[in-house]
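Work through the exercises below with the structure open. Each one gives a task and then a stepwise solution.

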Amino acid sequence: MTGPGVLERLLSQVRWQIRRRRAEFYGLRGIFYGVILALVPLVLKEVLGPPAPLMALGLLLLGGAAAAAFGFWLRLSPADVARVADRAFGLRDRVATALEWGRRPERSPLVELLVADAVARVQGLDGRRAVLRRRPPELRLLPLPVILLVILALAPPIPLPTGRLPTFSSAEEAEVPEEREGNVLSVERPNATRREPLQRAELTERAFSLQQGGTGASQPGDLSAVFKDTALAAQRPDFQSFLKKGDERLRMLEQVDRLPDLKRDFTQSPYKMVFQKRRELFGGLRPDQVSPQKLRELLEEMDRLGRKGGNWGYETGEGFDALEQGQTDRALEAMEKALSKMRALEERGRDGRALRGGREEDRRGSRSRDRGAGGDDIDADLGEGQGLLPGKGWNPNPKGDPTGRLRASPYDAGVEGESRTGRREGFDTNLVGKGASVPSRLQYLGVIGQYRKMMEEALAREQIPRDYQTQVKEYFESLEEK
Amino acid sequence: MGNAERVREFVEAFRNLKAEVQKIIVGYDEVVTDVLVGLFAGGHILLEGVPGLGKTLLIKTLAEGLELSFSRIQFTPDLMPADIIGTNIILEDADGRRHFQFQRGPIFAHILLADEVNRATPKTQSALLEGMQEGTVTVSGASHRLPSPFFVLATQNPIEMEGTYPLPEAQLDRFLFKLRVTYPALEELNEIIDRTTQPGTAEVRRVMTGPEVLRFRELVREVPIAAHVRELASLIVMATHPTWEHTPEVTRRFVRYGSSPRGAQALVLGGKVRALADGRYNVSVEDLRAVAPSALRHRIILNFEGEAEGADVDTMIGQVLEQAEAQSRRGKEVFLR
């Protein structure tokens, strides 16, 4: 045999080995996936009937055979075969180089030597295998689907779900589709008109039960009414507008300080009413052009409102006097003063009233009762932001409200403490006791009340999120419960 | 002479020359082999190692084994290019006329030992550039051809860096191989003691002439190389470049510049010499693996991170080889298609 013939023979041997190993490799892989596919007809044995096991076996064999054929006929270049042969037999690339250079027309003397050397070495090779068997990684998992396959093959057919949903409707409703046969339009319209009275009756019943002070717990009758409410179903809400409205509300919620106090109707506030009347009174006129009659009516209205708890009676009286004397400008000035007092009163109420607890309200109420009805407290006379806190503005009591603290309830408890060293602040003067030899005592509820008041003022003054306000108030309420 | 005889002669000459060197040099089998590979590949060798390991002795012994002229230059900081290349001197003839005559420097030798080459200034180091690459030197506009074969063997000390001038990349790239001379093993050290402390020294025979060296160099270039082996050499060089798409992570992280095409040439030429010295007529993948560290370690320039982390270039070359071989086999593995 010629030199190249020996090399070609080696290559064909190696090529055959590679193809065979590839067929084994891909065949095993195909069997694995064939087994998985074969599970399907066995699962559907009830539907497929007796041929199901045969179909499973067919899929298994088909998978293995197809994959083995695929592996066997995969493309295989001579250069790759030569490299495999070189590696397998330790020929150090002799065969690959000899084949490549041996085909060239111009062959250097060393190429001849190379081919001869390669042929000599190939002829001296024993018939060992060039390509080792390789197992696909799926082979480790093969027992699992095989066991499942055997179990399914031996087990009775698996009952399959019918594929129909259980019917929850009554017998009368089940008959409705039969009535709709034929002309759909002509049938649907009478149905709609027929259901309408029934729906109204049930909704009325539901509303009635709620009006009777029911707990809102669902009842069978109510639920059916809701689900049969075709009028609601017919409504097609615009989802985009719904989202838009929701976005607007969320944006509004982010601005805590601008949230309206829903417990109060500001459209009915006396100040606002009077302020609008004042605007109508002026109506772009100069002060000397304002009608005295209308000004008198406005002052009367303000005076009427002031008698319900306002403190601008003096100003309205001054306005009346000025009008009688024909001094419209003085009357206007008095009206403005009264209006600013109304505004201050309303602002104060909006800031703090909604946040103060009942106990504090009671205390404030009792205090005002102590002072008498005619005693307009001095705080109310002050402008907005002045004298509302101890030590500020016109407040004559710069150290807070000691009498309120000391006048504790009989259930109050004294908290013993020691007079601390160092610089003392004004509050120390409010301590009860005979001096340093006796431990100082503070009335628990009194102290809590003092701090509670400071808390309320802080909440009213600062921009604090509502959730935090609620938490702080709940904390103080829990202290009072002790 | 037939080709088979030529190859046999080469194998024998290679073996004889190695044996002569190893009469004096104990151990360093791979270093000696690589020096001979460099000689027959037509390249130059840079030997790096701490003092006292026998670098200079190895080169001197090699020169003794060859019937070639040998000169040694001890590089010092005050060495000038003219001290290496030569210079024009004024000569006066018998008639009293004066004329310039080029006085050849020590570079005009077949084998040049540039001892401690990194101690000279870059200006002096660069005096070797033209001679190493072109085989000529130019003085005052006149080119002078160096003797052939011209073989430069340089040594440098990697630890005494004070007062040295590290070789520039252009100079390094002109060396075919950079060989690391390491400490000998215990048995080798015992042998060194025996050989050097007892009376009588071994005599080195001259086993090869200059023309023979040139003939062998031509023979080496005839060795065929398969396409996939050549491609592997290219892939190895490409894998030293941090910008290549398939480069290993270590290269991307630590390398500033990869090997030049001279690196691929060194791989293939070195592989051919090794194959022929092994009695084979083709270059194999194993040959490339064997010469890769010597051919590439001085051509890979580390970046700052690589220098700071003390990245070992030889380890890096190992990973480069793995990546290149994986890239070479990609899509060619018989089972993975």
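**Exercise 1: the side of chain A that touches chain B**

Task: state how many residues of chain A and of chain B are in contact, and which helices of chain A take part.

Solution. Step 1: 22 residues of chain A are in contact with 21 residues of chain B, where contact requires C-beta atoms, placed from the backbone, within 7 Å. This is a predicted model, in which local features need pLDDT of at least 70 and side-chain atom pairs pLDDT 80 or more, while totals for chains, interfaces and linings use all residues. Residues are numbered from 1 along each chain as its sequence is written, and chains are lettered from A and ligands numbered from 1 in the order in which they are written.

Step 2: at least two residues each come from α1 (3-43), α4, α5 and α6 (109-123) of chain A. Helices are DSSP runs of H or I with at least four residues, strands runs of E with at least two, numbered from the N terminus.

Step 3: α6(A) gives the most, six residues.

**Exercise 2: α4 and α5 of chain A**

Task: how are helix α4 (residues 78-89) of chain A and helix α5 (residues 94-102) of chain A oriented?

Solution. Step 1: their axes (lines fitted to C-alpha atoms over the stretch in contact, with angles from 0 to 180 degrees between N-to-C directions) come within 7 Å and cross at roughly 150 degrees.

Step 2: α4(A) is therefore roughly antiparallel to α5(A), a term for angles over 145 degrees.

Step 3: the contact includes A82(A) of α4(A) and L99(A) of α5(A).

**Exercise 3: chain B**

Task: how many helices and strands are in chain B?

Solution. Chain B has 15 helices and 13 strands.

Methods. Parallel < 35°, antiparallel > 145°, perpendicular 65-115°, else oblique. Contact = placed C-beta atoms within 7 Å.
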